[in-house]
Structure formats: structure tokens, C-alpha cells
Amino acid sequence: MNPMQKFLSDIDITKLLPFLILLFTVSVMPMQAQDQEPIKVLFLGTTHLDNPGRDAINMKVPDVLTDEKQEELKEIRDALADFNPNKVALEVQMKHQSAFDSLYQEFRAGKLDTFSTGDFVSKRSEQFQIGFKLANRLNHDHLYAVDHYIPMKMGKVMEFAKEHEPEFLEYFERYQNGHHISTQDSLLQNGTLLELYQYMNTEESVKKYHEPYVRSLSLADDSSFVGADVTADYHRRNLRIFANLMKIAEPGDRIFIMFGAGHSPFIRPLLKDSPRIEFVDPMDYLK
């Protein structure tokens with residue numbers, strides 16, 4: 001028996017097996033990753049164009065059906081079309097996918113002038129004005145509903161703050177009346193929709209959308225964490241939205257996804273940190 005044979009005969013192969021499996025996995029995974037094309041995702045934060053009044057802070061949006069606003073919306077769609085997505089994902093609950101498909105097919109056939117079904121909103125909505133029209137322009141035969149709604153109990157936050165930390169109410173009032181919100185209101189009333197979307201999707205604005213959630217975390221006492229629990233509910237909703245997005249994503253996809261801008265500070269980091277995704281900054285197109 002030569003020295004190498006003796007060395008191998010002395011080794012307990014069962015002890016080496018986990019190491020060999022790990023070595024094989026580490027060596028193969030990079031090759032598998034290289035074989036798959038990245039999934040490019042452009043996330044657009046939006047205001048709700050049809051004024052549904054469902055958010056903690058609701059902007060007053062001018063009628064987007066006027067000729068002027070229709071031209072501004074076309075300018076936005078023109079910019080987004082340059083990204084050339086092959087999938088469009090919107091803020092509609094996934095459980096409504098079948099009904100949503102039917103509405104989109106009616107729209108493509110020129111039979112749908114307006115809609116209001118379940119959690120769908122009017123033809124003034126961003127789902128209709130940007131989502132439907134962009135997908136149709138790109139000749140998509142399908143739209144993707146990826147929302148997972150979990151109610152956000154802001155009333156509970158405000159009630160707790162009123163009793164235990166009135167400073168939060170003062171902060172929130174300053175936030176509502178501060179530069180970040182007033183700038184958006186000014187752009188809505190006096191600027192163009194493209195200028196509004198440019199402002200809403202900067203890194204600086206995304207941080208400002210996150211600020212109230214972080215500030216609310218101090219709303220706690222010895223027996224409850226009201227601010228953290230409500231924020232956690234919103235986190236959970238956004239994690240499920242991201243999970244729904246991953247269900248429809250395939251290697252090589254170029255996905256356009258649009259949600260209310262308040263989702264931006266939660267979904268954008270997931271897109272940036274995912275090993276499967278190449279994050280596309282909307283500011284590269286909103287020019």
C-alpha cells in the first residue's frame with residue numbers, strides 16, 4: 001500500500017462528507033447564478049391620482065382627465081416605455097387577478113370606459129392612466145396584481161400618542177405641513193405630473209417617506225409597542241408584496257412595478273438587496 005492509499009484508508013469518509021457537500025455547493029452556486037439573466041425591476045412611487053382618501057396623508061390631485069393632464073401623463077408613459085418592460089405589476093390585490101385580467105381585456109378591446117370593482121378604482125387612477133395604458137402601448141396581453149393588503153391601524157397610533165406622547169402628534173402635524181408634503185402639493189397644483197414623479201422618486205424623498213414610521217417607534221410603554229406593531233404590520237404587507245413579485249419574476253424579465261410612494265422605503269431596499277434582482281432607478285427614465 002503506497003502512502004496515499006494508506007492516508008485515504010485512515011480517513012473516516014462520513015466525517016468528510018459534510019465538508020465535501022459544502023465545497024460542492026459553494027463551487028456550483030456561482031456557476032448557476034452566472035447562467036441566469038438578472039431580473040431588472042423599475043419601481044415607481046406614485047400619488048393616488050383618483051383621490052381615494054385611503055392613506056394617512058392624502059394629496060389633493062387635480063382632475064387628470066383634462067387635456068393638459070392627459071398630455072402630462074402621456075409624457076410619463078413615454079419615459080417609462082423607454083425601459084421597455086415585459087411585465088407590468090400594479091397595486092391591486094393578487095386575489096383579484098382573474099377579475100383584473102378581465103378588466104384589462106375589456107380595456108384593450110375598447111369596451112372599458114371606467115371601472116369600480118372590489119378594490120379597483122376609477123379611470124382617473126394610476127392603475128388605469130399609467131398601468132393599463134403603458135401595458136397596452138407595449139402590447140402586453142396580461143397585467144400582474146401583486147398587492148397583499150393588510151390594514152394599517154393609524155387610529156391606534158394616534159390614540160396612543162394623544163394619551164402617552166402628545167409630542168408625536170405635534171411632530172406629525174409639522175410633517176404634514178412641512179417642506180416635503182408642501183412641495184408635492186405645490187407640484188400637483190402648479191407643476192407638471194412629470195415634475196411631481198421626479199420629486200417623489202429621489203433618494204431624498206424616499207427617506208422622507210420613511211421618517212414618520214421611524215419616529216412612531218417611540219410610541220410604547222411597559223406593556224405595549226403600539227408604534228412598532230403598526231409599523232411591523234406595514235412591513236409585513238410590503239414583504240408579501242415583494243414575495244408576490246418574486247412569484248411572477250423570471251430570469252431576463254424587465255418588470256415595471258408601481259405602488260403608492262409610501263411603499264418606496266420598504267420595497268426599494270428589498271429590490272436592491274435581492275441577489276436575483278437588478279434594481280433600476282426610475283430617475284434614469286424620468287427625464
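**A helix pair and the sheet beside it**

Tutor: Helices H10 and H12 are oblique to each other, a class left over once angles under 35 degrees are called roughly parallel, over 145 roughly antiparallel and 65 to 115 roughly perpendicular. The model is predicted, with local features requiring pLDDT of at least 70 and side-chain atom pairs pLDDT 80 or more, while totals for chains, interfaces and linings use all residues. Residues are numbered from 1 along each chain as its sequence is written, and side-chain values use heavy atoms, without hydrogens or water.

H10 (residues 203–215) meets H12 at about 120°, their axes lying 8 Å apart; axes are lines fitted to C-alpha atoms, for helices over the stretch in contact, and angles between N-to-C directions run from 0 to 180 degrees. Helices are DSSP runs of H or I with at least four residues, strands runs of E with at least two, numbered from the N terminus. In contact (heavy atoms within 4.5 Å) are Glu203, Val206, Tyr209, His210 and Tyr213 of H10 with Ser264, Pro265, Phe266, Arg268 and Lys272 of H12.

As for the sheet, its five strands form an open arrangement ordered E3-E2-E4-E1-E5 with parallel pairing, where pairing requires at least two DSSP bridges. E3 (144–147) and E5 (277–280) are the edge strands, each with a single partner, so one side of each lacks a neighbour in the sheet. The twist from one strand to the next averages 35°. H12 (residues 264–273) packs on this sheet, touching E1 (39–46), E4 (254–260) and E5, and its direction makes about 170° with that of E1.
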